Amino acid sequence: MGEEVKLFRSWSSSFALRIVWALEIKGIEYEAVFEDLSNKSPLLLQYNRVHKKIPILVHNGRPIVESFVILEYIDETWKQAPLLPEDPYERAMARFWAKFGEDKVLTSIWSAFIKQGKEQEEAMVAAMENLKFLEKEMKGKKFFGGERIGYVDLTLGWLANLGSIFEEIVGLKIVDEEKFPLLYSWMQDFAEAPIIRDNWPPRDKMIVKFQALLDAAIAASSSSSSSK
């Protein structure tokens, strides 16, 4: 009897895309279960009772949640095409940069996207400082994982897609080729890798979605300011 692998995801989630890419790299057959996050299914709520979010990987009936945790589970369960390095120090560094990308890079770029005026300028300064660390880390490499896509690349993969979408919507240049040539080159190489490219969500739908999120954030900020 074969293994049963299901992935609960949405059409647009960058966090779920990490898992899609990992499963594709490993050559694991799986069933994708697309969720409407405005009307979450009973199974989603059953499998992730704590956070009630996607992605959820269900392996032989057992759910695993949180994208970083799922990536490591996949890597430990299916040994082919390893995502993390063998060396303990290098594994620790990969986990560090993944967390840095999540806690610092994503947070600062998202702030630059939804803020306006001086707050946006301050967020952009923070974003540029964070990107400098990634630029330095790319020295002498094609991917963060070396010559092939690995764990850190998957965790930062959102940047190769959302970065340009944010730029198009708000008109801010986030990853400038002159300022960050190595990071810019990584974004191109990563985005054009067949397994990555073939799984990007439709760009036009992503622009509509994030424009709506930006409009909602601006409206909420205006409402908060006017009530003070």
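Which residue in S4 is the bridge partner of Ile56? In this predicted model, select Ile56 and look across to S4, where Val65 is the bridge partner. Widening the selection to strand S3 (residues 56-59) and strand S4 (residues 62-65) shows the two pairing in the antiparallel sense over four bridges. Together S3 and S4 form a hairpin with two residues between them, and Asn60, which lies in that turn, has a positive phi of about 50°.

Next, select helix H1, residues 14-26, whose 13 residues reach 19 Å from the first C-alpha to the last, close to the 18 Å expected at 1.5 Å a residue. At its N-terminal end, show the side chain of Ser13, which caps the helix with a side-chain oxygen lying 3.2 Å from the backbone nitrogen of Phe15. At the other end, H1 is followed by Gly27, a residue with a positive phi near 75°. With the rest of the structure displayed, H1 is mostly covered, ten of its 13 residues being buried; among them are Leu17, Ile19, Trp21 and Leu23, and also Arg18 and Lys26.

The axes of H1 and H3 come within 9 Å and cross at roughly 10°; because angles under 35 degrees count as roughly parallel, H1 is described as roughly parallel to H3. To see the contact itself, show Phe15, Arg18, Ile19, Ala22, Leu23 and Lys26 on the H1 side, and Ser67, Phe68, Ile70, Leu71, Ile74 and Asp75 on the H3 side.

Now move to helix H7, residues 159-170. The end C-alpha atoms of H7 are 16 Å apart, which agrees with the 16 Å that its twelve residues should span at 1.5 Å a residue. Nine of those twelve residues are buried, so H7 is largely enclosed by the rest of the structure; the buried residues include Leu162, Ile165, Phe166 and Ile169, as well as Glu167.

For the last stop, centre on Asn161 within H7. Is Asn161 buried or exposed? Its relative accessible area is 9%, and because buried means under 20%, Asn161 is buried. Leaving aside its neighbours within four places in sequence, display the residues in contact with Asn161, namely Trp200, Pro201, Arg203 and Met206.

Notes
Residues are numbered from 1 along each chain as its sequence is written. This is a predicted model: local features need pLDDT of at least 70, side-chain atom pairs count only at pLDDT 80 or more; totals for chains, interfaces and linings use all residues. Side-chain values use heavy atoms; hydrogens and water are left out. Buried means under 20% relative accessible area, exposed over 50%, partly exposed in between (1.4 Å probe, protein chains only). Contact means heavy atoms within 4.5 Å. The expected span of a helix is 1.5 Å times one less than its number of residues. A polar contact is a pair of N or O atoms within 3.5 Å; within protein, one must be able to donate a hydrogen and the other to accept it, and residues adjacent in sequence count only if both atoms are side-chain atoms. Two strands pair if DSSP finds at least two bridges between them. Axes are lines fitted to C-alpha atoms, for helices over the stretch in contact, and angles run from 0 to 180 degrees between N-to-C directions. Angles under 35 degrees count as roughly parallel, over 145 as roughly antiparallel, 65 to 115 as roughly perpendicular and the rest as oblique.
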